[in-house]
Amino acid sequence: MKGYTGDSIRNIALLGHGGCGKTTILEAALLASGAIKRLGRIEDGNTVSDYDKMEIEKRHSIGASLVPVERGGFKINFIDTPGFFDFVGDVHSALRAVEAAVIVVDASAGVQVGTEKAWNSCKQHNTPKFFLLNKTDKENSDVNRVIADLKAKFGTSVVTLDDKDALSEIVAETDEVLLDKFFSGKEFTEEEFNRGLSGGVASGDIVPVAACSAVNGDGVDEFLDMLLEYAPGPYSHPPYEGADAKGEIVSRKCGESEAASGFVFKTIADPFVGKISLIKVISGKLVLGAEIYNAGAEKTEKLGSMFYLRGKTQSDAPSVPAGDIAAASKLQYTQTGDTLCDRTKVIKYPPVEFPEPSLFMAVEPKVKGEEEKINAGLHKLMEEDPSFVVKRDTETHQTLLGGQGEIQINIVTSKLKEKFGVNVALKDPKVPYRETIKGSSDVQGKHKKQSGGAGQYGDVHIRFSPSQEEFEFSEELFGGSVPRNYVPAVEKGLRECMDKGPLAGCKVVNVKAVLYDGSYHEVDSNEMAFKIAASLAFKKGIAEAKPILLEPVVRLEILAPDEYMGDIMGDMNKRRGKILGMEPQAGGGQKVLAEAPQAEIFRYAVALRSITQARGSFIMRFDRYEEIPAHLAEKIIAGYKTASAAE
Ligand SMILES: Nc1nc2c(ncn2[C@@H]2O[C@H](COP(=O)(O)OP(=O)(O)OP(=O)(O)O)[C@@H](O)[C@H]2O)c(=O)[nH]1
Ligand SMILES: [Mg+2]
């Protein structure tokens, strides 16, 4: 591939509902430009963009990939994104590297949820948009109906380029001179018309629609020409904001004359090359072999290996100018979201904002003892895909994997197996139940072993009662019934017991213990004996003080269109949940505030997706612990008893 300067480059993301044809459209574009001789097919696993082993196996895109198409002296850096909602993280990554997006719509399926989501993502990133209706070859495709639906859904800014009247009106509104001309009834010159149209696209006032068939090539040339004519180039992007070395907000125009800076929007773990960082060069240029500063890691990296990518194919990139997208491998300290820049003119662009994980699952090794390997593997994979998270639950001792859905989580575990050779099982996370007491008790704990050899003797009297604090300990001893030097052992014994309660082995909270009496033996008493005595007292004391089980309760904020409210509320009822309120949203739909026990809500991401046809979204936060209804508590306790008996 020859070198291009920023004014002959266009960076464009392809978004849209899963299966609408994005990856195949890029095949068609490559074929039209002569870069390939035959159209690759998803079914044959030979497309340029879906080159990853798992993409070939699953027959859909999983990660964003870069596919430059050369045409008429220009290079269009297309970024193909996965349509599956689980991989929306890569849509956000891609939108950080482009100046426009094409939302592809399957003309035989019409406007789908993925179409709406793509639109919303573009809005969030202020990205100018085009629509491309694909699969026009299919018998049941209906371009006119889909265009009408797009207009109805997204507004009058949606126009086809042959609709000169509608366009003239919109073009007129982009510029005062043009507006005057329009009202005086004069025709626009072609130059004026195109300038107005490009301006309208850049500002989001115009969203042009084109149509094509990726499989038979109809409309593909026209689509590419439309992009070259009207898509904003990298230089016309508004200045990029970032922080300088002192943390102050500064901005940088895209242009070659500025100091070098680039944004790492995506990392690919390549089985042969290792880590590949995809970089959008924002200012200056990146030069092969030169040093570059990682502003986040505060480390200097060497651009020892830099290249252009088309799918998985690499080609030389001795120097990459502002506005272009290239790849670098073997950057030691660099991860997705980092800025690489001139050390003397530091700028740090904000990281990619990934949506919060909505589904957590516990990962367990299938072979005992591989926990460390799992952790190391997960952290490596997270570098590639920071849209999932790994966390350790210290109460349940589980490693949790959080993502956008089951498919994403399954892909992560398949990669663990493939790249790191560890087999894991996915389970629902354990609920971190807790135990506490509602009443008080007064008990004795006595540990006595005085037959043969060195004896053991410890004896304590302890009062237990509820506390506001997690654990409170005090002593009211008199007359040396328990010598002072054994008191810390008693406290230690009790604290250790708090980790594993007598009801169901959960963490015990909100207990106050007062050591007020006891006895000892000159020879046989020691710290260990008093620790054991304390633990005996604890077991008895908790059992006699009306112990109860507590469960975590979470708060949810659910966003969904109005028509799903009934089902959302019905479903919440089944989950022992409560609706706390509803707030109508400015852009339509409602925000439902609810709370529910965590035990009932693990798979809410899956349920909400099915209730709302994936239109709903939610966030969830831990709120508090609450007593579990007695009949459920009994089940949990019984389950614990059988499990510990089995051990
Ligand atoms: N008839 C017809 N089928 C098409 C056309 N374009 C794509 N397809 C088929 O539609 C299916 C999905 O195509 P992809 O290119 O994988 O769609 P995608 O949008 O990349 O899908 P994701 O990566 O899952 O988001 C494949 O079976 C393609 O062969 C088209 O123009 N006409
Ligand atoms: Mg695809």
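Predicted model: local features only at pLDDT ≥ 70, side-chain atom pairs only at ≥ 80, totals over all residues.
Side-chain values use heavy atoms, with hydrogens and water left out; residues are numbered from 1 along each chain as its sequence is written, and chains are lettered from A and ligands numbered from 1 in the order in which they are written.

Q: Why does the pair tie together separate parts of the chain?
A: Thr23 is in helix 1 (residues 22-32) and Ser61 is in the loop between helix 2 (53-58) and strand 2 (65-71), so the pair links parts that are 38 residues apart in sequence. Helices (H or I, at least four residues) and strands (E, at least two) are DSSP runs, numbered from the N terminus.

Q: Why is Thr23 called buried?
A: Buried means under 20% relative accessible area, exposed over 50%, and partly exposed in between (1.4 Å probe, protein chains only). Thr23 has 7%, so it counts as buried. Ser61, at 7%, is buried too.

Q: What about Met226: why does it count as buried?
A: Its relative accessibility is 4%, so buried it is. Met226 sits in helix 9 (residues 220-230) and is in contact (heavy atoms within 4.5 Å) with residues including Phe130, Leu161 and Pro208.

Q: How do you know that Asp459 has no salt bridge?
A: A salt bridge needs a side-chain nitrogen of Lys or Arg within 4 Å of a carboxyl oxygen of Asp or Glu. For buried Asp459, the nearest side chain of opposite charge, Lys446, is 4.9 Å away. (Lys and Arg count as positive, Asp and Glu as negative; His and the chain ends are not counted.)

Q: How do you know that the span of helix 12 agrees with its length?
A: The expected span is 1.5 Å times one less than the number of residues. Helix 12 (residues 487-498) has twelve, so it should span 16 Å, and its end C-alpha atoms are 17 Å apart, which agrees.

Q: What covers the buried residues of helix 12?
A: The cover includes strand 26, strand 29 (511-519) and helix 13 (527-543). Among the buried residues are Val487, Leu494 and Met498.

Terms used: Lists of a residue's contacts leave out its neighbours within four places in sequence.
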